[in-house]
Amino acid sequence: MKKLFSVLLLLLIVPRTHAQGAVPTQADESRILTLELAWNQAVQGKDAKALEILIAPEMVYVEYDGTLMNRSEYLASVAARSVHAEQILCEPMTVRVYGPIAVVNGVYRETGAKSGKPYSHRERFTDTWVRREGRWLCVASQSTLIAR
Amino acid sequence: MRKTIAVTVLMLTASWFAIAQGEEQSSNQSKVIALENAWNQAEERKDAKALDTILDNSLVYTDYDGTMMTKADFLANVKAPSRHPEQQVTESMNAHVYGDSAVVTGVYRVKGTENGKPYLRRGRFTDTWISRGGVWVCVASQYTLITK
């Protein structure tokens, strides 16, 4: 509940973005980066309700092993009891805003346990966000393990 | 009577607008899917000039092993003499159009030789496209191997 509250608070604090077609501002970039961090916190807290606010209904998620998930499957995977993401650390991210769509590229390190077995991944991701009624929502997210 | 006519005109205009929007969306979906197929063909032929027109200068490409490439890196990789792609086939694709931007997700298989060694990969991709003055260009692409 605390996490959900903090995400809601973030959405209120960060200034609302302009209407479609507006010139991208640094505010858009800051807002999206804030939402990325809120996403990590929500995953660590297994807070599916907080994630619902960040993810569009048609979101497509591709996991590091190529598994394809829709929004409800992704939310179920976050809430699953068998997975415990203990720490998610993001390295510097880049945001490119193209009017009502934005692309975030970055690297994150996730450690935790899955079905009782510890794991540690370093992954590169691309997230695509769309501005809808003044709010940014993630419509696509894909991760790839960094092998070299 | 006047009101009835006005309401009828409004309803007809709204219907026409909805149909026109639907047609435009469908046309844009076809365009980006055609460009995805053109991309495959260009890679098979090592045709960097054709790819140059499809890829935006801001492109960020993430390869199956987590390597990140700019447009110049990607084009150089396509042209590399050590690389001989034989087949690049898309098994399935799905395009979501958001006005002047689109997200395409799908599965494709690539086969060829690199540094004399044969390779065969099957992976999932997410490509983000934007329309610049009516010309669709890809701004982000990520490829993840399907391992399970």
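Guide: In chain B, 28 residues are in contact with 28 residues of chain A; two residues are in contact if their C-beta atoms, placed from the backbone, lie within 7 Å. This is a predicted model, in which local features need pLDDT of at least 70, side-chain atom pairs count only at pLDDT 80 or more, and totals for chains, interfaces and linings use all residues. Residues are numbered from 1 along each chain as its sequence is written, while chains are lettered from A and ligands numbered from 1 in the order in which they are written.

Visitor: Which strands supply the side of chain B that touches chain A?
Guide: At least two residues each come from β1 (55-62), β3 (83-98), β4 (101-114), β5 (117-132) and β6 (135-145) of chain B. The most is given by β6(B), with 6 residues. Helices (H or I, at least four residues) and strands (E, at least two) are DSSP runs, numbered from the N terminus.

Visitor: What makes up the side of chain B that touches chain A, by class?
Guide: It has 11 nonpolar, 13 polar and 4 charged residues. Here Ala, Val, Leu, Ile, Met, Phe, Trp, Tyr, Cys and Pro count as nonpolar, Asp, Glu, Lys and Arg as charged, and the others, Gly among them, as polar.

Visitor: How many helices and strands are there in each chain?
Guide: Chain A has 4 helices and 7 strands, in the order α-α-α-β-β-α-β-β-β-β-β from the N terminus on. Chain B has 3 helices and 6 strands, and its pattern along the sequence is α-α-β-β-α-β-β-β-β.

Visitor: Why is Lys46(A) called partly exposed?
Guide: Lys46(A) has 16 other C-beta atoms within 10 Å, so the term partly exposed applies. Lys46(A) lies in the loop between α2 and α3 (48-54) of chain A, and has a positive phi near 50° in a residue other than glycine.

Visitor: What makes Gln44(A) partly exposed?
Guide: The count for Gln44(A) is 17 other C-beta atoms within 10 Å, so Gln44(A) is partly exposed. Gln44(A) is in helix α2 of chain A. Beyond four places in sequence, Gln44(A) is in contact with Ala85(A) and Ile88(A).

Visitor: How do you know that the length of α2(A) agrees with its number of residues?
Guide: The expected span of a helix is 1.5 Å times one less than its number of residues. For the 19 residues of α2(A) this gives 27 Å, and the end C-alpha atoms are 27 Å apart, so the two agree.

Visitor: Why are the buried residues of α2(A) said to line one face?
Guide: Among the buried residues of α2(A) are Asp28(A), Ile32(A), Leu35(A), Trp39(A) and Val43(A). Seen down the helix axis, the buried residues of α2(A) fall within an arc of 165°, so they line one face. The arc is that of the directions from the helix axis to the C-beta atoms.

Visitor: Which residues have the most contacts inside the largest nonpolar core?
Guide: They are Ala102(A), Trp129(A), Leu59(B) and Ala102(B), in a core of 47 residues. A nonpolar core is a set of buried Ala, Val, Leu, Ile, Met, Phe, Trp, Tyr and Cys residues joined through C-beta atoms within 7 Å. Helix α2 (residues 26-44) of chain A gives the most to this core, with 6 residues.

Visitor: Where does pLDDT stay under 50 in chain A?
Guide: It does so over residues 1-22 of chain A; pLDDT is the predictor's confidence in each residue, from 0 to 100. Where pLDDT is low, the predicted coordinates should not be read in detail. Chain A averages a pLDDT of 86, and the mean for chain B is 91.

Terms used. Buried ≥ 20, exposed ≤ 12 C-beta atoms within 10 Å, placed from the backbone.
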